[in-house]
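Have a look at the model first.

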Amino acid sequence: MAQSLAKIFKYVLLGALVLMSFMAGVAKLTEMPHEVEFFELASISTAILLPFGIFQTLGAALAVNPKTRKIGLIIMALAFFASVVLIYLSGDTVFALMSLTPVGIAMILAFTKWGAEIRPSK
């Protein structure tokens with residue numbers, strides 16, 4: 001029973017990461033006003049919105065398929081970390097520190113024995 005609850009929890013975490021990455025990517029791809037404003041406030045060219053949005057949605061899409069889940073989790077961790085850096089550069093240190101949580105979760109699911117249950121075995 002405890003193992004099945006742990007597995008469900010891992011899938012809930014994965015689903016939350018996928019949803020966060022996908023929604024953040026779509027917000028950038030559609031150039032939502034808050035995303036454009038954030039990049040402008042951080043003195044970063046809005047030309048990076050499209051590639052960053054593609055990277056975030058790609059990570060989410062790859063993480064859905066068990067065969068590409070690990071690379072998707074790695075891509076999402078990198079994208080989340082890039083967001084942490086941008087948030088920090090914009091001056092919001094507390095939110096940047098809190099935003100490290102999805103980075104850690106993605107890395108745990110991608111690389112640890114605990115996360116192996118939701119990754120396919122070779």
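Which helices each supply at least two residues of the lining of the largest pocket? They are helix 1, helix 2 (33-41), helix 3, helix 4 (69-89) and helix 5 (93-98); helices here are DSSP runs (H or I, at least four residues), numbered from the N terminus.

A word on the source: this is a predicted model, where local features need pLDDT of at least 70, side-chain atom pairs count only at pLDDT 80 or more, and totals for chains, interfaces and linings use all residues. Residues are numbered from 1 along each chain as its sequence is written, and side-chain values use heavy atoms, leaving out hydrogens and water.

The largest pocket has a volume of about 420 Å³. Among the 17 residues lining the largest pocket, Ala24, Ser83, Ile87, Phe95 and Ser99 are the closest to its centre. (A pocket is an open set of points on a 1 Å grid where a 1.4 Å probe fits, with protein on both sides within 12 Å along at least five of seven lines; lining means an atom within 4 Å of a point.)

| Helix pair | Angle | Axis distance |
|---|---|---|
| Helix 1 and helix 3 | about 155° | 7 Å |
| Helix 1 and helix 4 | roughly 55° | within 11 Å |

Helix 1 is therefore roughly antiparallel to helix 3 (over 145 degrees). Helix 1 and helix 4, by their angle, are oblique to each other.

Notes: Axes are lines fitted to C-alpha atoms, for helices over the stretch in contact, and angles run from 0 to 180 degrees between N-to-C directions. Angles under 35 degrees count as roughly parallel, over 145 as roughly antiparallel, 65 to 115 as roughly perpendicular and the rest as oblique. Grid points are joined across faces, edges and corners, and a volume is the space filled by probe spheres set on the points.
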